[in-house]
Amino acid sequence: MTTVLDSIIEGVREDLSERRSQTPLEQVRKLAAEAPPALDAHAALQGGRSDSLGVRIIAEVKRKSPSKGALAEIPDPAALASAYQNGGASVISVLTEARRFSGSLADLTAVRAAASIPVLRKDFMVDEYQFYEARAHGADLVLLIVAALDDTQLADYLALTHELGMNALVEAHTEKEIERAVTLGARIVGVNVRNLKTLDVDVRHYSAMARHLPEGVVRIAESGVDSPAVVLDYAGRGADAVLVGEALVKHGDPTTAVREFRAATTGRPRRHTS
């Protein structure tokens with residue numbers, strides 16, 4: 001049975017083929033090599049469960065989603081990125097998938113130019129071309145979805161990410177996927193409480209998976225955040241950082257929204273409570 005994830009990846013591959021026909025891999029590699037060095041996203045995200053700065057916020061530039069449809073127009077992604085940074089975000093995530101999320105590499109370029117903190121290219125990474133593309137457009141961090149990759153691909157893409165000086169947020173949804181990610185060397189592991197095969201969201205899922213995340217990785221809680229209370233709950237379960245999209249772009253005052261989410265845990269050092 002074809003899942004939502006399968007359908008998205010099919011479109012990603014079609015769009016990638018068109019970009020590759022316009023800009024050959026060797027040219028993209030050259031552009032990646034000429035880009036300024038990547039910022040250290042791992043350092044920006046670690047420690048959120050053990051210091052007084054509180055949980056880190058990964059704030060997302062997100063116009064649309066397959067489950068909710070249109071969220072926000074975002075005519076100026078650079079201005080939104082600046083607002084996020086002013087609110088205290090540690091990383092800015094940029095959706096670059098076009099068909100289901102209305103994102104683009106132009107958004108990534110604009111955000112990179114406006115922000116001095118690490119930037120995540122959030123897309124469905126299924127080909128080496130995309131990693132050089134990410135670096136060429138200024139990404140410091142890329143998303144690797146365990147459910148979309150076999151072990152060989154995941155290992156190879158982790159190695160390529162690090163070779164390019166970037167970090168990888170490795171996203172898992174099940175205990176087995178967490179085990180695969182950690183075994184293959186993931187240093188930043190996200191648990192997405194949205195099932196990408198059904199699009200169902202269950203914020204309790206992070207609690208169920210948190211006990212399987214080892215101490216040696218940076219732990220990210222993804223999706224389901226609609227209030228500071230959810231951020232506090234994720235933090236209490238050991239999350240170093242929380243990725244927030246919809247709640248920020250629909251808030252009306254993204255700077256204040258980021259501050260509110262950060263304030264939920266600021267000044268309260270925590271220990272993992274699986």
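Q: Which residue forms a salt bridge with Glu-26?
A: In this predicted model, Glu-26 pairs with Arg-29, and their closest N and O atoms are 2.7 Å apart.

Q: Where do Glu-26 and Arg-29 sit relative to each other?
A: Both belong to helix H2 (residues 25–34); because they are three residues apart there, about one helical turn separates them.

Q: What about Arg-63; which side chain does it meet?
A: The side chain of Arg-63 meets that of Asp-107 in a salt bridge, at 2.4 Å from N to O. This pair links distant parts of the chain, 44 residues apart. Arg-63 lies in the loop between strand S1 (56–61) and strand S2 (64–65), whereas Asp-107 lies in helix H5 (residues 105–114).

Q: Are Arg-63 and Asp-107 buried or exposed?
A: Arg-63 and Asp-107 are both buried.

Q: Which residue does Arg-180 pair with?
A: Arg-180 forms a salt bridge with Asp-151, the N to O distance being 2.6 Å. Asp-151 is partly exposed, with 39% relative accessible area.

Q: Which residues are linked in a network of salt bridges?
A: The network joins Arg-19, Arg-121, Asp-123 and Glu-133.

Q: And how many salt bridges are there in the whole structure?
A: A search of the whole structure gives 17 salt bridges.

Q: Changing topic to packing: at what angle do H4 and H12 pack?
A: Helix H4 (residues 77–87) packs against helix H12 (residues 254–263) at an angle of about 35°, and their axes are 7 Å apart. The crossing of H4 and H12 is right-handed.

Q: Which residues of H4 and H12 meet?
A: From H4, the residues are Leu-80, Ala-83, Tyr-84, Asn-86 and Gly-87. From H12, they are Pro-254, Thr-255, Val-258, Arg-259 and Arg-262.

Q: How do the residues of that contact divide into nonpolar, polar and charged?
A: In the contact of H4 with H12, five residues are nonpolar, three are polar and two are charged.

Technical notes
Residues are numbered from 1 along each chain as its sequence is written. This is a predicted model: local features need pLDDT of at least 70, side-chain atom pairs count only at pLDDT 80 or more; totals for chains, interfaces and linings use all residues. Side-chain values use heavy atoms; hydrogens and water are left out. Axes are lines fitted to C-alpha atoms, for helices over the stretch in contact, and angles run from 0 to 180 degrees between N-to-C directions. Helices (H or I, at least four residues) and strands (E, at least two) are DSSP runs, numbered from the N terminus. A crossing is left-handed if the near helix is turned anticlockwise from the far one by less than a right angle, and right-handed if clockwise. Contact means heavy atoms within 4.5 Å. Ala, Val, Leu, Ile, Met, Phe, Trp, Tyr, Cys and Pro count as nonpolar, Asp, Glu, Lys and Arg as charged, and the others, Gly among them, as polar. A salt bridge is a side-chain nitrogen of Lys or Arg within 4 Å of a carboxyl oxygen of Asp or Glu. Buried means under 20% relative accessible area, exposed over 50%, partly exposed in between (1.4 Å probe, protein chains only).
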